[in-house]
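Here is a short report for someone meeting this structure for the first time. Please look over the sequence and the model, then read on.

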Amino acid sequence: MEHEEPGSRLGSYLRARRELVSPAQAGIPPGGNRRVPGLRREEVALLAGISPDYYLRLERGRDTNPSPQVLEALARVLRLDDTERTYLLGLSAARPRAARRRRPERVPDRLHELLAQLQVPAFVESRAFDVLACNPLAVALSPRLSPGHNRLRSFFLDPEEQEFQGDWEKAAAGFVAALRTSVGDDTDDPRFVELVGELALSSARFRSLWARHDVRALDGGTTTVRHPVVGELRLHRDKLPVDDVLLVVYYPDRGSESDERLRLLAGLHADAGRHGAAAVRD
């Protein structure tokens, strides 16, 4: 992911989203010899109320300063949701890019204290999904949630992680969309360049999802995972921003079967820790 100028990023995004809107979704009658996926450029221009030549300049990066009205019209034609619309507006060169002072992402001391107190799996991740800190139950849930791992890299390149995920395909699309949101216009950040480059070379599925230019809010949700010892767990996931990092917490519905299984996992992990400590003393 080399550094891209604003016009290039805007054009790439428009082209990717245009290819995902079917003629039927845009109210265009079926028929005709269509050789491109999605909408044609001239159809997008017509529906947005702009000239085909001007839209062509936008896609080719020759115009980097479209008005908010033009972008709003394109967002409507391309059927963008609020997160995608905000992302599109942010790609305009009219929005000045603030100079960045990159600093190391560190875990505040208070987060280490909080991790030690939480009785559910919890960890701290960076903007690039590097795991920076975790509590013991997070490691019991998955060893790939320990510091030094990158969650996105594990997700696409580790077969055990793919087996761990209850619906890997659905989660993959959301994960890549979250990465693009996290990257934003910081496309020359070395960590993002390294991560996207490695995954693009190593995973065909990542390449295809990255090319869609999907974005989504960096929020929580509910996921199902398959633990090799206690079985299937349905867990809610909340992401809480703290300074420059995110605290991620997994927790089940109280009294549910997943709650019982997570308690069993916590007990097994505690027993293993006590046995390990006893062996060291002996």
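## Terms and model

Contact means heavy atoms within 4.5 Å. This is a predicted model, in which local features need pLDDT of at least 70 and side-chain atom pairs count only at pLDDT 80 or more, while totals for chains, interfaces and linings use all residues. Residues are numbered from 1 along each chain as its sequence is written, and side-chain values use heavy atoms, with hydrogens and water left out.

## Overview

The protein has 13 helices and five strands. These elements are DSSP runs, numbered from the N terminus: helices are H or I with at least four residues, strands are E with at least two. Of the 282 residues, 43% count as buried. Buried means under 20% relative accessible area, exposed means over 50%, and partly exposed lies in between (1.4 Å probe, protein chains only).

Take the contacts between residues at least 6 apart in sequence. Of these, 55% join residues at least 24 apart.

## Two nonpolar cores

A nonpolar core is a set of buried Ala, Val, Leu, Ile, Met, Phe, Trp, Tyr and Cys residues joined through side-chain atoms within 4.5 Å. The largest one here has 25 residues. L14, I50, L74 and L88 have the most contacts inside it. Five helices each supply at least two of its residues: α1 (6-18), α2 (41-48), α3 (52-59), α4 (68-77) and α5 (82-90). The largest share, six residues, comes from α4.

Which residues does L74 touch? Not counting residues up to four places away in sequence, L74 touches L14, V44, A48, I50, Y55 and L58. A second, separate core has 19 residues, among them F155, V176, L195 and W210. In soluble globular proteins, nonpolar side chains tend to be buried together.

## A five-stranded sheet

Five strands form an open sheet in the order β2-β1-β5-β4-β3, with antiparallel pairing. Two strands pair if DSSP finds at least two bridges between them. The edges are β2 (131-134) and β3 (221-227), and each pairs on one side only. Neighbouring strands of the sheet are turned by 30° against each other on average, direction ignored. Strands of a sheet pair through backbone hydrogen bonds, either parallel or antiparallel.

Strand β1 (residues 122-125) runs antiparallel to β2, joined by three bridges. F123 stands opposite C134 in β2. Seven bridges link β3 and β4, again in the antiparallel sense. R226 has E232 in β4 as its bridge partner. With three residues between them, β3 and β4 form a hairpin.

## Two packed helices

Two packed helices are described by the angle between their axes and the distance between the axes. Helix α11 (residues 190-202) and helix α12 (residues 204-212) pack at an angle of about 120°, with axes 5 Å apart. That makes α11 oblique to α12. Angles under 35 degrees count as roughly parallel, over 145 as roughly antiparallel, 65 to 115 as roughly perpendicular and the rest as oblique. Axes are lines fitted to C-alpha atoms, for helices over the stretch in contact, and angles run from 0 to 180 degrees between N-to-C directions.

On the α11 side, V196, L199, A200, L201 and S202 make the contact. On the α12 side, A204, F206, R207 and W210 do. By class, the contact has seven nonpolar, one polar and one charged residues. Here Ala, Val, Leu, Ile, Met, Phe, Trp, Tyr, Cys and Pro count as nonpolar, Asp, Glu, Lys and Arg as charged, and the others, Gly among them, as polar.

## Buried residues

A178 sits in helix α10 (residues 168-183). A178 is buried, with a relative accessible area of 1%. A178 touches F129, R216 and L218, not counting residues up to four places away in sequence. The C-alpha atoms of A178 and D214 are separated by 8.2 Å, although the two are 36 residues apart along the chain.

Leaving aside its neighbours within four places in sequence, V230 is in contact with R261, L264, L265 and L268. The C-alpha atoms of V230 and L141, 89 residues apart along the chain, are separated by 9.5 Å.

## Positive phi in loops

Most residues other than glycine have a negative phi, and most peptide bonds are trans. R79 has a positive phi of about 60° although it is not a glycine. R79 lies in the loop between α4 and α5.

D243 is not a glycine either, and its phi is positive at about 55°. The loop between β4 (231-242) and β5 (245-251) holds D243. D243 is exposed, with a relative accessible area of 57%.
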